Amino acid sequence: MNTVDVLLWVVYPYLTTTILIGGLIWRYRYDKFGWTTRSSQLYETTLLRWGSPLFHFGVLMVLIGHVVGLLIPTSWTEAVGISQHNYHFMAVFIGTIAGFCTLAGMIILIVRRRLTGPVFAATTRNDKAMYVFLAAVIMLGLWNTVRGNITEGGYDYRADVSPWFRSLFYLSPDPELMAGVPIGFQLHVVAAFALFAFWPFTRLVHAFSAPIGYVTRPYVVYRSHGTRPRRPRPGWEGPPQLPTRSSSRGRRT
């Protein structure tokens, strides 16, 4: 273990996490109206209809897989009857599908953003940088899954990466666990923490939104005027019209 290991696996995770938490607090306090995805659905829907579900479904499955793989120890999954072999098979199979869905959805959304004029005009520099970080994390994760677990016979990241990740929450990080991790997994971890630090300053901030107020907000009441004739209301529809005297001519005899 050297100084670089301490910086990468002790200082760097806490630094990026501090930026993530502090950035979210700052963004919520000073930019509430900017806490949005800046939806562009009005400009184009065909590509969005394919890209958005693929991307969000893939991200959700990837997130669930990482939570299980990093936070739940191997002894816990074995205690409920899931052997290491079965877990590894499900993780590789589901993770590969979820990764490709995420990558495909992101490519569709990037193509849509580039080819649709109004959407591209609304794209900021932060959005472009966000896509670079996001693409790096996704592609490194897929590369590690396909190369490390399929073509090279498998790599058990739960033996070293997971204990190191959990040690960060105990405030007792063990950088020695990451010393022997393959370079592809190390790059994936570094890119992921970089994305976390950049997260509060992009449209990805909407992932931390929860429609809690929607449950308790009052109903929106809609009233229909129906087909009954309305009585004129002075002051709203103008003053009432005074009746006029009609003249009639008698018939001459």
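Helix α2 (residues 46-71) packs with α7 at an angle of about 85 degrees, and their axes are 8 Å apart; axes here are lines fitted to C-alpha atoms, for helices over the stretch in contact, with angles running from 0 to 180 degrees between N-to-C directions. That makes α2 roughly perpendicular to α7, a term for angles of 65 to 115 degrees, while those under 35 degrees count as roughly parallel, those over 145 as roughly antiparallel and the rest as oblique. On the side of α2 the contact is made by G69, L70 and L71, and on the side of α7 by V161, S162, F165, R166 and F169, where contact means heavy atoms within 4.5 Å. These residues divide into five nonpolar, two polar and one charged; Ala, Val, Leu, Ile, Met, Phe, Trp, Tyr, Cys and Pro count as nonpolar, Asp, Glu, Lys and Arg as charged, and the others, Gly among them, as polar.

This is a predicted model, in which local features need pLDDT of at least 70 and side-chain atom pairs count only at pLDDT 80 or more, while totals for chains, interfaces and linings use all residues. Residues are numbered from 1 along each chain as its sequence is written, and side-chain values use heavy atoms, with hydrogens and water left out.

The protein has nine helices and zero strands, the helices (H or I, at least four residues) and strands (E, at least two) being DSSP runs numbered from the N terminus. Of its 253 residues, 33% count as buried, which stands for under 20% relative accessible area, with exposed meaning over 50% and partly exposed in between (1.4 Å probe, protein chains only). Among the contacts with a separation of 6 or more, 80% are accounted for by residues 24 or more positions apart.

A pair of aromatic rings is described by the distance of the centres and the angle of the planes. Rings of Phe, Tyr and Trp (its six-membered ring) pair if their centres lie within 6.5 Å, and planes under 30 degrees apart count as stacked, over 60 as edge-to-face and the rest as tilted.

| Pair | Centre to centre | Angle between planes | Class |
|---|---|---|---|
| F89 and F93 | 6.2 Å | 5 degrees | stacked |
| W164 and F193 | 6.3 Å | 75 degrees | edge-to-face |

F89 and F93 both lie in helix α4 (residues 84-115), four residues apart, which is about one turn of the helix, and F89 counts as exposed at 55% relative accessibility. W164 lies in helix α7 (residues 161-169) and F193 in helix α8 (residues 183-198), so their pair ties together parts that are 29 residues apart in sequence. W164 is buried at 1% relative accessibility, and F193 is buried with a relative accessible area of 6%.

R114 lies over the face of F120 at 4.2 Å from the ring centre, and the charged end of R158 sits over the ring of Y87, 3.9 Å from its centre.

In the loop between α7 and α8, L171 has a positive phi of about 60 degrees although it is not a glycine, and L171 counts as exposed at 67% relative accessibility.

Conventions: Lys NZ or Arg CZ within 6 Å of the ring centre and 35° of its normal.
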